[in-house]
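Hi there,

Here is the structure I promised to send over. Have a look at it first, and then read my notes below.

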Amino acid sequence: MKAAVVTRYGSPDVVKILDAPKPTPESGEVLIRVHAATVNRTDCAELRAHPFFMRFFQGLLRPQRTIFGLDVAGVVEAVGAEVVAYKPGDRVFGMCPSRRNGAHAEYVSVPGRSIAAMPEGARFEEAVVCEGAFYANAVLRRIDLKPGHTILIYGASGAIGTALVQLAKSSGATVTAVVATRNVKLVQTLGADRVVDYTAEDFTHIGETFDFVVDAVGKISFFRCRRLLKPDGIFAATDLGPWGQNLMLVMWSLITRNNRVVIPTPRRIDGFVGFLKSRMEAGEFRAIIDRKYPLAAIADAYRYVETGQKVGIVVINVAEADERAQVAY
Ligand SMILES: NC(=O)c1ccc[n+]([C@@H]2O[C@H](COP(=O)([O-])OP(=O)(O)OC[C@H]3O[C@@H](n4cnc5c(N)ncnc54)[C@H](OP(=O)(O)O)[C@@H]3O)[C@@H](O)[C@H]2O)c1
């Protein structure tokens, strides 16, 4: 099969389209003919092994797995002996575990528990949404967002940000989104109650306080946002923040038990893909697609995602166009 193979850490130039062995599903696994995947910030971090400590998990000198790609949508080709929920021909979507080869290839084998049947009526490229939503969901679970809560989401136009806006609205919270001018209309259509254009006004002086402030792009600091928080409000970050300060603040929060700063990290995939499917079918979650690339141009997709300017997701169309058209949507 054709695959985007990475044998050493580096820039997008190290990603090569090569022939690789087609995987064989183990007993609890499902072999998927990949139709769509994404290049996202997690893939970019894995490619460059940045931050450095990632090497302790994914390979000290070179990546242990050579095919990346977390998001997948496609058609079941074969199933392992223990799989009863899926059969060849089923349309599925979900996430590939980070320790096994991923979806930047024509085929991928994934555990049955990390996928679900495609949402009713969705196209494959509309279903490769798990990565951003997985992080967003971890944030909302960690802060235990409830109806009536108020939340400010900074950087609401990225993969995590657009997912946060939609899932927070779906939880019944009142959402204020902070984005650049070009993304104001988008976040309004996603349901944000108030939108602040950070290029036109200082979002820290908008005359409101919030139960939660979330930095979805790793660009702001707790100290800058402190005045936006209610007395027992929480600052949640998706990144280590400027000079890694969020890590220090989390440690300080743990020592003092004031719980003011958190960096939620997603743990278990079980049940998450099914949850997202239910939100999509309820019309409460949809893909925001920025650019699409064929697998052969995946290095260009990495280059674009690394700019930090993408809006929502960047799709990799793996199956040939005519083959995609043969599948009834
Ligand atoms: N280490 C990891 O494995 C890992 C994994 C996933 C995510 N993350 C981190 O989580 C964060 C979000 O990830 P993501 O995938 O959602 O990011 P993303 O999709 O790349 O976010 C890009 C969006 O952020 C906006 N943006 C850029 N600079 C901004 C600024 N200064 N203020 C406000 N908005 C800004 C951009 O629009 P405008 O420029 O037009 O505002 C763009 O729409 C990133 O910091 C990423 O590093 C880390």
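A polar contact is a pair of N or O atoms within 3.5 Å; within protein, one atom must be able to donate a hydrogen and the other to accept it, and residues adjacent in sequence count only if both atoms are side-chain atoms. The model is predicted, so local features need pLDDT of at least 70 and side-chain atom pairs pLDDT 80 or more, while totals for chains, interfaces and linings use all residues. Residues are numbered from 1 along each chain as its sequence is written, and side-chain values use heavy atoms, leaving out hydrogens and water.

Let's start with the ligand. In the side chain of Arg-41, an N or O atom is 2.8 Å from a ligand oxygen. Tyr-154 has a polar side-chain atom 2.6 Å from a nitrogen of the ligand, and for Asn-183 the distance from a side-chain N or O atom to a ligand oxygen is 3.5 Å.

Around the ligand there are 25 residues (each with a heavy atom within 4 Å of it). Tyr-154, Ser-157, Tyr-198, Asp-239 and Lys-310 are the closest. Helix α1 (41-48) gives the largest share of this shell, three residues. Helices here are DSSP runs of H or I with at least four residues, numbered from the N terminus.

Now to Phe-56, which sits in helix α2 (residues 55-58). Why does Phe-56 count as exposed? Because its relative accessibility is 59%, and exposed means over 50% (1.4 Å probe, protein chains only).

Happy exploring!

Key:
Helices (H or I, at least four residues) and strands (E, at least two) are DSSP runs, numbered from the N terminus. Buried means under 20% relative accessible area, exposed over 50%, partly exposed in between (1.4 Å probe, protein chains only).
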